[in-house]
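Subject: A structure for you to look at

Hello,

My notes on what turned up follow below it.

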Amino acid sequence: MKFHQGQCCRQHVDVGQACCKQNKSPRGAHLFAMLGSSSFRMPLRMRLINIRLWLRACILIVASSTLFTFMVLLPCRSINTIDVRDIQIPSQELPEQQHTANLISNSNSEYDSSVRKKPPPDDFTSQMQLKTSPEKHRIEDVILNIDQRPPVLRYKEIECLINDDYSIVGRREGSEVYLPFSFIGKYFEVEGSIASYDGYERFEWHHSNARIHKPVPYRHDGPFMSFAHYSVENRDRVKYFSGTEGVPISTQWDSQGYFYPIQIAQFGLSHYSKNLTEPNPHVLLVDDGEGNKLRWRVEDSTSSTKIVYDSTRHTNVVEFRSAAGKPSYGHGVSVSINEKSLPVLSFDLLMFRNSTITVVMQTEESGIVNLHYTSHIEECTHRGSNVFYGIGPTFKWRTITRDLITDLRKGMHYKEKQPKTRRKSRTTKILKIYLQGRGRIDNMTLSSSNHMNQFYDAANWLVRHQDSSGGWPIMVNRLVDSDMEELKANWYSAMAQGQAISTLVRAYEKTKNIVYLNSAMKGTKLYQIPSTEGGVQARFMDKYQWYEEYPTNPSSFVLNGFIYSLIGLYDLKSSASQENSREAAHLFHEGIKSLKALLPMFDTGSGSVYDLRHVTLGKAPNLARWDYHATHISQLQLIASIDPDPLFQRTVDRWIGYIKGKRAKHN
């Protein structure tokens, strides 16, 4: 075969590749023909040129294959064999995650032999300078970080024998054994849940969900402990709120419902405290008899409304009249409201028989519902979409305050044996208010809250229902322990006495009405009478004076009820004159002396006990639930603010530690 170099060919051509004009063979000859037998007939210079071209082609192929392997195949294979959680990205790593990774990498764990580390890149790859996109740079970062990822652990199930009694299935990872938290939570009485925030998931472990509020210096006319956070209305053991009294009816120890003085005092103290800690409420004036009103509409020809002067109140009021009959639409006088955010209705009322005030409400759950406040004595009934509260005939002016949302929820579930009324309130709209029958009304408002009116409902109930012994009897039987005598209805509680006194003292401080102070001073009588004789005083080891929440036989020495009784005495001695407070001061100081002596007996080293029945009955301690333990702490914080003895603050600090899982040292 001949070589040809034509004008159109600027270089020597290969064997088998003719120039475009004279050689008719195809230009795309195979590369191996360069080294054929005929190629040795080429000049030496030509052979060297062909060999150099061949070597360059080989180097290019090898380099391309290496680059393709490192840039595409190896990242894909590595990413598919690792968990995203194994990739260490320092800029996004939490301290606790780094700590966990260190523990795992340092442990004697079993490694998955199928997962191998990527060898470090050779010099050729590390020296290549390539212009790549940001995506390629990230892939390279992933490859480089594969060396630093924690090993994939191989875990297996393992049987865990619990105290030789029963077994559960756990998980073993090397020398570590893990148990399900569903078991740990119940076994150790702790709580935990997975929480997600700040872009991360965390497991949150709590020894207790009890809340300890920051203490503030205590005053007898200030907020009562942390009661501003209380909501007596939402308690399941509150059946409903009395229409005639305006205070809760309790089902705590009797499903029929009764007036429970402790719950009534707590209702008053919580609203008093909220009034001092919450912002001023929003108020809508419906009518005040002075022309500042919404427009009343007469629904039928037999109904009327007008402004009249009331000689007993010395002011103008609204008088309404309509034909007597059952509450119904199109009857009486009405005013349109259309309001969602003002659920507390308040008004001064003089109402005669066969009269009704109806509030028409719209709810997402039940549609249109009518709340009827009638002149009947019957307390609470529920029929279809109608809820009735008997507020009784009011032949004298009286102030009525009703939480419409609470009345609606309690009334709709009135017939349930164990109503669950703590559910979230759905959107409720107040549409209209009807006045039917005959009566007079003044200062009708709707507001976001009316704490002081509700506080006075509780204080006035305590004044009206205090008996000749100065007490507020509890009208249900109570069996505290099977080894104690049952308390028969009409027993007294030092806790009820103390919280009632705290309520009455605050009512006196606000109004300077001596009736409240006299009632509070009268409430100290039972502190001086032994529990065996119908009072509330017990003695521990015939030495230390104690005021019993439950005047049982033998004595129970309940801690939280005792401290509440001391707070009531402190409030009274701080408010009354020195002469009038002498007895309260003596009882308080005797009680503080007993508290200092007996407080260590309530410390378990990991919590507190509710009472001392393990001492008086010789049985297992009655451990305080965490919410009661938190109450003990709040009470001792208050005592520490009024008594400088370091015992109280040391106990507070130690008991707060128990809530976080700390324990006393063992020997």
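Helix H11 (559-575) passes helix H14 (residues 626-642) in a left-handed crossing, a term used when the near helix is turned anticlockwise from the far one by less than a right angle, with clockwise being right-handed. The contact (heavy atoms within 4.5 Å) is made on the H11 side by Leu559, Asn560, Ile563, Tyr564, Ile567 and Tyr570. From H14 come Tyr628, Thr631, His632, Gln635, Leu636, Leu638, Ile639 and Ile642. These residues divide into ten nonpolar, four polar and no charged; here Ala, Val, Leu, Ile, Met, Phe, Trp, Tyr, Cys and Pro count as nonpolar, Asp, Glu, Lys and Arg as charged, and the others, Gly among them, as polar. Helices and strands are DSSP runs numbered from the N terminus, with at least four residues of H or I for a helix and at least two of E for a strand.

Before you read on, please note that this is a predicted model, in which local features need pLDDT of at least 70 and side-chain atom pairs count only at pLDDT 80 or more, while totals for chains, interfaces and linings use all residues. Residues are numbered from 1 along each chain as its sequence is written, and side-chain values use heavy atoms, leaving out hydrogens and water.

H14 has another partner, helix H15 (residues 646-659), and the axes of the two come within 9 Å and cross at roughly 155°. Axes are lines fitted to C-alpha atoms, for helices over the stretch in contact, and the angles between N-to-C directions run from 0 to 180 degrees. The crossing angle therefore makes H14 roughly antiparallel to H15 (over 145 degrees; under 35 is roughly parallel, 65 to 115 roughly perpendicular and the rest oblique). This crossing of H14 and H15 is left-handed. Among the H14 residues that meet H15 are Trp626, His629 and Ile633, and the H15 residues they face include Phe648, Trp655 and Tyr658. By class, the contact of H14 with H15 has eleven nonpolar, five polar and no charged residues.

Both H14 and H15 are also part of what covers the buried residues of helix H12. That cover includes strand E21 (537-540), strand E22 (544-547) and H11 as well. The buried residues of H12 are Ala584, Ala585, Leu587, Phe588, Gly591, Ile592, Ser594, Leu595 and Leu598, where buried means under 20% relative accessible area, exposed over 50% and partly exposed in between, with a 1.4 Å probe and protein chains only.

Now for the loops. Which bond is cis in this part of the chain? The peptide bond from Asn553 to Pro554 is, with omega near 0°, and Pro554 lies in the loop between E22 and H11. Pro554 is in contact with Asp483, a residue of the loop between helix H8 (451-464) and helix H9 (494-511). Asp483 and Asn553 are 70 residues apart along the chain, yet their C-alpha atoms are separated by 9.1 Å.

Phe557 belongs to the loop between E22 and H11, and has a positive phi of about 55° although it is not a glycine. Phe557 is buried, at a relative accessible area of 2%. Asp542, in the loop between E21 and E22, has a phi near 55°, also positive in a residue other than glycine. Asp542, however, counts as exposed, at 70% relative accessibility.

Enjoy looking around!

Best wishes

Terms used:
Lists of a residue's contacts leave out its neighbours within four places in sequence.
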